[in-house]
Amino acid sequence: MKKLWLYFTTYIFFSSISVVAQTIERNTYKTNRLTNEVPKIDGNASDEVWNLVDWATDFTQIEPNPGEKSKQNTKVKLLYNDDALYVLGVMTENEQIFTYLTERDDSGNADWFGILVDAYNEGTNGLGFFVTAAGVQLEAKYSGQSEDFAWNAVWESEVQVSENEWVVEMKIPYAALRFPTKEKQTWGLHFWRNRRLNRELSSWNTVKPDIDGFINQAGIVEGIENIKAPLRLQFFPYLTLGVNHFPNEAADAKDFSTNYAAGMDVKYGINDAFTLDMTLVPDFSQVIFDDVFLNLSPFEQRFNENRQFFTEGTELFNKAGLFYSRRIGGTPLKRGEVYNNLEENEIVSANPISNQLLNATKVSGRTSGGLGIGIFNAFEGSSFAEITNTETNELRKFKTSPYTNYNIVVLDQDLPGNSSVTITNTNVKRFDEDFYDANVSGFNSNFVSKDNKYSFRTELALSQKIGGDFEEPDLGYKAGASINKISGNFLSTLYYGIESDKYDPNDLGFLFSPNEKVWFAEVGYNIYEPFWKVNNLYSNVNVVYERLFFPDKFTNFAISGFARTTTNSFHTMGTGLTIEPVETFDFFEPRVFDFETFYQFPENFTWNAFFSSNYSKPFAFDINWNYRWFDEPNRWALNVNISPRFQPTSKLLIVPRLNLYKSNNETAYAGTFDEHIDGIPFGIRDVRKVVPLLQFDYVINNRMVLKTRIRHDWTITRYEQLGVLNTENGLFEAVEVSEEIKEIRDVNFHAFTVDIAYRWVFAPGSELSVVWKNNIVGSNFELEDRYLNSFEDMINSPIQKGLSVRMLYFLDSSYFKKLRKRT
């Protein structure tokens, strides 16, 4: 098999390297300085000052017909003065202008215009500013191929729409930009336009989709001279008031409680390239609920990050994949251990589910020599569980987490030709000798060939845990390398990676499972231009072969293929197939983690497909499904997602979603009932899941929105058989148990959340938000096979409710200067 593997991977890589290198042509735009008069930002192109410069025209398509002239005319002008850039965009449209409203940072189903500034002209990093035809602002920070729309800036724009064109004017203050300190500036520059009617994305400088990267394909702006970065000091003080309700059974407990929080975010421009962001006494009470589900796997659930401070401007810290921000303010390290420390007649009366974040700071930027530097630091308070003696009512505390400091340092050096070298270090310091400290050091490199066709990537990381229960440092490591063809119609990858059995970055990172060796090969073929009845085609085939790092044992072998396309009617569809043609070995499902005990997974295949209709229509829908067949009697799994979209007006969007899942005769770990059987508990079960979700967005105007999100996850598991895992062959062996024990293992799980949020941006950078939240999560409900009956039981149980009001106000240092002049 190893010889076959080597032959196959060598063949698919070298069979795809015959594409001729393509050059990148860069347009040049000559701008001029404004002296006294500046254009009024009102979406009207009649200001005479715009006559100081010529138009940037001749936009070419990126999609759907790469390289062809845009079907509608777009022309742009750019001016500057001592304070800001001024941009004028005029978009001709003789068919239909899409002016659907959305909240900020969401283009939705609207036409948009945008500008990207690469002030260091290095081809890898940039800042993007976008405005939709409805006047909604978006901004993004770009690093390599990553796009961060969580980044926010304060700038001005206005739009006017007429019958055959729409006009946008933008003022982007230098406080929102980063540029080098020198007399004459030469910036990389993109002008973009997106037309929703025919999904046409066009740009002023030609962008070829078969060349890797898009910032490196920007044009150039010249003529910007003698500008200085202003004092970039901004304050975002906030005040939150809230009331919560939860019906308590105890007579002396109050159902209602109130809370308030006050704090501030600070942004400070250390110099022209580096920015300090700080949050003091942060409050995340208005962040939407996590999509909690019944986790039947041996691994923890990974949640999305929805806290703005940790989503904005963190692309540098995430580059090596060692930073999972949900660890900060996350679950106390020893929250579960409190239950193992109970004495007679004691119960856990309180056990916080998260640590209190006291403050967090990040400094990031990039020097003129292309060196990116990032420093992140956060500090948590300690957490205690409370233990009550039911006979004496005595109360004692159990420390579940001490004062903790989180730190990240990143050095990222850009090299010529989109190459880079990155060094990352993450550190967790816990200020208590009973708790261990953790550190991870990583090295990543990406070397791209001069013709931008090939890349060679490496990754190295060392993890260590020190102190606490570790008498000696607990060391682990990972390493990997890949050779990739990154441009052209043919793309390919060869990868080999290892993770030692003790590699563990999870104190500040996220890893499902360590202890593996992976061989991976993929070849893809893409068609970027329209043909037949479709606009493009993307396809790939890959093979993965996996073994344990220690001991060296086979775990998995799979072959996969996938293809997707967008039709001329702008419907997107795709399908894929994954085959595991041999029995594989799961060393994690038995929950022993000795890497000797395994569950023997049967041969199987998975077929998946999706269809997404044209979103430019008032009604559209998405559907995808995943069917998995196993080489065992009547064992299969089916997962279906259905999501229609209704947009009857430019202000209203309704998106109901339904997820249906059924796993039949699934063999898996069956939880802990060791006192009833001798061995590792396993079972054969049926799992059924119904997850409806309703998203209702009503956008009053481009500064005011009402959003509703209601989600319910109902999951029920029923065991048909219980038994043990045969540790010799990794197969299930049934054991006779009572129906009572079976019912104990069956689960009826509910997670019901409601998020209703009103948001009003009453001034640039300032907003008022009112949020209503409901929450029910539990698995102690009576078993019920019918969804509506089970929903009724759940909705009649105690519900946690909360209402909060939050005021955030933006203050710029220029405000204090003006105030001082007045006095």
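I began with the largest nonpolar core, which has 51 residues. L85, I115, F129, M170, W187 and F191 touch the most other members. I am working from a predicted model.

Next I looked up which elements supply this core. Those giving two or more residues are β4, β5 (84–92), β6 (112–118), β7 (125–132), β11 (165–173), β12 (184–195) and β14 (219–225). β5 gives the most, with 7 residues.

**Nonpolar surface patch**

I then turned to the surface. I375, V409, L411, I423, F443 and L460 form a nonpolar patch there. Together they have about 460 Å² of accessible area. L411 sits in strand β23. Its relative accessibility is 37%, so L411 counts as partly exposed.

**Charged surface patch**

I also found a patch of negative charge on the surface, where E337, E433, D434 and D469 gather. I checked E433 first. E433 is in the loop between β24 and β25 (437–448). Is E433 buried or exposed? E433 has a relative accessible area of 71%, so I noted E433 as exposed.

I went through the backbone next. Most peptide bonds are trans.

- E63 to P64 is a cis peptide bond, with omega near -5°. P64 lies in the loop between β3 (60–63) and β4 (74–80).
- F550 and P551 are joined by a cis peptide bond, with omega about -5°. I place P551 in the loop between β30 (534–547) and β31 (554–567).

**Positive phi**

Last, I looked at phi. Most residues other than glycine have a negative phi. I wrote down two residues that depart from this.

- N393 has a positive phi of about 60° and is not a glycine. Where is N393? I find N393 in the loop between β21 (383–389) and β22 (395–401). Its relative accessibility is 62%, so N393 counts as exposed. The cut-off for that is over 50%.
- N418 has a phi near 65°, again positive in a residue other than glycine. I traced N418 to the loop between β23 (404–415) and β24 (419–430).

The loop with E433 lies between β24 and β25.

Definitions and conventions. Residues are numbered from 1 along each chain as its sequence is written. This is a predicted model: local features need pLDDT of at least 70, side-chain atom pairs count only at pLDDT 80 or more; totals for chains, interfaces and linings use all residues. Side-chain values use heavy atoms; hydrogens and water are left out. Helices (H or I, at least four residues) and strands (E, at least two) are DSSP runs, numbered from the N terminus. Buried means under 20% relative accessible area, exposed over 50%, partly exposed in between (1.4 Å probe, protein chains only). Patches are made of residues with over 30% relative accessible area and no salt bridge: like charges are joined within 9 Å, nonpolar side chains (Val, Leu, Ile, Met, Phe, Trp, Tyr) within 5 Å. Accessible areas come from the Shrake-Rupley method with a 1.4 Å probe; for residues, only the protein chains shown count as cover. A salt bridge is a side-chain nitrogen of Lys or Arg within 4 Å of a carboxyl oxygen of Asp or Glu. Lys and Arg count as positive and Asp and Glu as negative; His and the chain ends are not counted. The place of a charge is taken as NZ of Lys, CZ of Arg, CG of Asp or CD of Glu. A nonpolar core is a set of buried Ala, Val, Leu, Ile, Met, Phe, Trp, Tyr and Cys residues joined through side-chain atoms within 4.5 Å.
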